[in-house]
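Subject: Structure handover

Hello,

Please find the structure below, followed by notes on what was found in it.

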Amino acid sequence: MDFGLGQREEALKLEVREFAEREIPETFIANFLDEESRDEDWAFSLSISRKLAERGWLAMGWPQQYGGRDASHLEQMVFAMEAAYRGIPGLSMGVSGTGWVGPSLMLYGNEEQRCKYLPPISSGSPDGVWCTGYSEPNSGSDFASIRTSAVRQGDEYIVNGQKVWTSCAHRARWCWLAVKTGLNGGKPQDGISLMIVDMKSRGISVNPLLNYSGEHIFNEVFFDNVHVPMVNLVGEENRGWYQLMKSLAYERHSFCGLSYGAARRILDGLVTFAAETRRSGVPIARDPVVRHRLANLAVELETLKMFAYETACKLGEGALPTYEASRNKSVADHLLEELALAGADILGACSQVERHSKLAGLNGLIQRQYLMSPGTAIAAGTDEIEKNIIGKFKLGLPRSY
Ligand SMILES: Cc1cc2nc3c(=O)[nH]c(=O)nc-3n(C[C@H](O)[C@H](O)[C@H](O)COP(=O)(O)OP(=O)(O)OC[C@H]3O[C@@H](n4cnc5c(N)ncnc54)[C@H](O)[C@@H]3O)c2cc1C
């Protein structure tokens, strides 16, 4: 069995590396969702996003008619891994659009919606920036219990309710919104619909929620009698739950390449640090505890890569991942957390210093990862939820609740 990449993928990796060396300052750290916080990072990410789009990289797996270049899912995965490894920004901001909004529209949107919404995403335009409105104050893992409602009035829906933890809502042009449309009896899962909402609509207010490192990534979003044209319904009314299970698999899959790249960057940094840094005159890489810890992380990283390739190949064969995307997310989250902990131990006090300081170990990477790990492990489904999915779809276990 040949697990190696083909010439095409190797050439792509090289191109991405050259792009990063030319375009990304060494001190710039792109980390999961970080770029959404500060205006200057956001502006820089947008400019890079456009350059990625010019090369056809932003949505490379999409059909050409929507701005892609008909690349394979494997190529797309290789691109995401390499771009994240090289610290290229402009991927996370596009990730809602390229990661799950676009693929979902291709799966269950209509042609008019595809023609209208896909090209701005694949071209890296600010009009292609999306946020995702699923979670509510009392509905996270228990997504079927959402209460934001959309009631039909003529050829519009009137939307009322509140979403929370909405990443990028303060930057987004569109919201990929889950609402309750079937309020009368039946299974809660059967009353959910999915719609596209213009973030400039009257009646929407966005309140910032700063995370514990003081960054503005997510928000509360309030909907007060917001008018949404019926043509913005995606797929079938009241079938949103079933559609969204597929979108969530895409979402988890799209994080996998980014997590792999980020993890490989940290591991490489720690290996170099351990080889070059001496304690009592001896490189710390000689310490068996440090060596074994790094070796264990390398094994996990390789496992994640194989899982990511396998899922990409499955998608390429036309199948949708079910448990695979959850498995990959669970492995990636654990690996990133372990890397942050290992980094904190190996770098010591330097691991706590923020980027921009000359004292920051690994350019502040460990500090960022340490603070971001718990959040990344919750976004798109907590580990318990991913394990429930693996239990059901891989092991055939009965539901847990
Ligand atoms: C960085 C970040 C970005 C995010 N971005 C977005 C976004 O853009 N849009 C959006 O809609 N949401 C977003 N979220 C919200 C995220 O989807 C939810 O936080 C997540 O689904 C968990 O929901 P909750 O916070 O309500 O926790 P809860 O669902 O209340 O879970 C609390 C705890 O109970 C456990 N638990 C719950 N149910 C079960 C079960 N059945 N079996 C076992 N254990 C269970 C959970 O694993 C967890 O440990 C984001 C979150 C983070 C951290």
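Domain bounds here come from an automatic or database domain assignment. For this protein that assignment gives domain 1 (7-128), domain 2 (131-238) and domain 3 (242-393). The model is a predicted one: local features need pLDDT of at least 70, side-chain atom pairs count only at pLDDT 80 or more, and totals for chains, interfaces and linings use all residues. Residues are numbered from 1 along each chain as its sequence is written.

Domains 1 and 2

The C-alpha centres of domain 1 and domain 2 lie 25 Å apart. Between them, 15 residues of domain 1 are in contact with 13 residues of domain 2, where contact means that the C-beta atoms, placed from the backbone, lie within 7 Å. On the domain 1 side, the elements giving two or more residues are α4 (95-108) and α5 (111-122); α4 has the largest share, four residues. Helices (H or I, at least four residues) and strands (E, at least two) are DSSP runs, numbered from the N terminus. By class, this side of domain 1 has eight nonpolar, four polar and three charged residues. The classes are: Ala, Val, Leu, Ile, Met, Phe, Trp, Tyr, Cys and Pro as nonpolar, Asp, Glu, Lys and Arg as charged, and the others, Gly among them, as polar.

Ligand

The ligand is surrounded by 22 residues, the closest being Tyr 134, Gly 140, Ser 141, Thr 382 and Glu 384. A residue counts as near if its C-beta atom, placed from the backbone, lies within 6 Å of the molecule. Domain 2 and domain 3 each give at least three residues to the shell. At least two residues come from each of β1 (130-133), α9 (365-378) and α10 (383-393). The shell divides into eight nonpolar, 12 polar and two charged residues.

Strands

Strands are taken as paired if DSSP finds at least two bridges between them. β2 (residues 149-153) and β3 (residues 156-163) run antiparallel and are joined by five bridges, with Val 151 opposite Ile 158. Their hairpin has two residues between the strands, and Gly 154 takes a positive phi near 65 degrees there. β3 also pairs with β7 (residues 216-229), antiparallel, over seven bridges; Glu 156 has Pro 229 of β7 as its bridge partner. The hairpin of β6 and β7 has five residues between the strands, with Gly 214 at a positive phi near 80 degrees.

Helix packing around α3

Axes are lines fitted to C-alpha atoms, for helices over the stretch in contact, and angles run from 0 to 180 degrees between N-to-C directions. The axes of α3 (residues 73-85) and α6 (residues 240-276) come within 7 Å and cross at roughly 40 degrees. Residues making this contact include Met 77, Ala 80 and Met 81 of α3 and Gly 257, Leu 258 and Tyr 260 of α6. The contact has nine nonpolar, two polar and three charged residues.

α3 also packs against α7 (residues 288-316), at an angle of about 145 degrees and with the axes 8 Å apart. Here α3 contributes His 73, Leu 74 and Met 77, and α7 contributes Ala 308, Tyr 309, Ala 312, Cys 313, Leu 315 and Gly 316. Seven of the residues in this contact are nonpolar, two are polar and none is charged.

Regards

Note on methods
Two residues are in contact if their C-beta atoms, placed from the backbone, lie within 7 Å.
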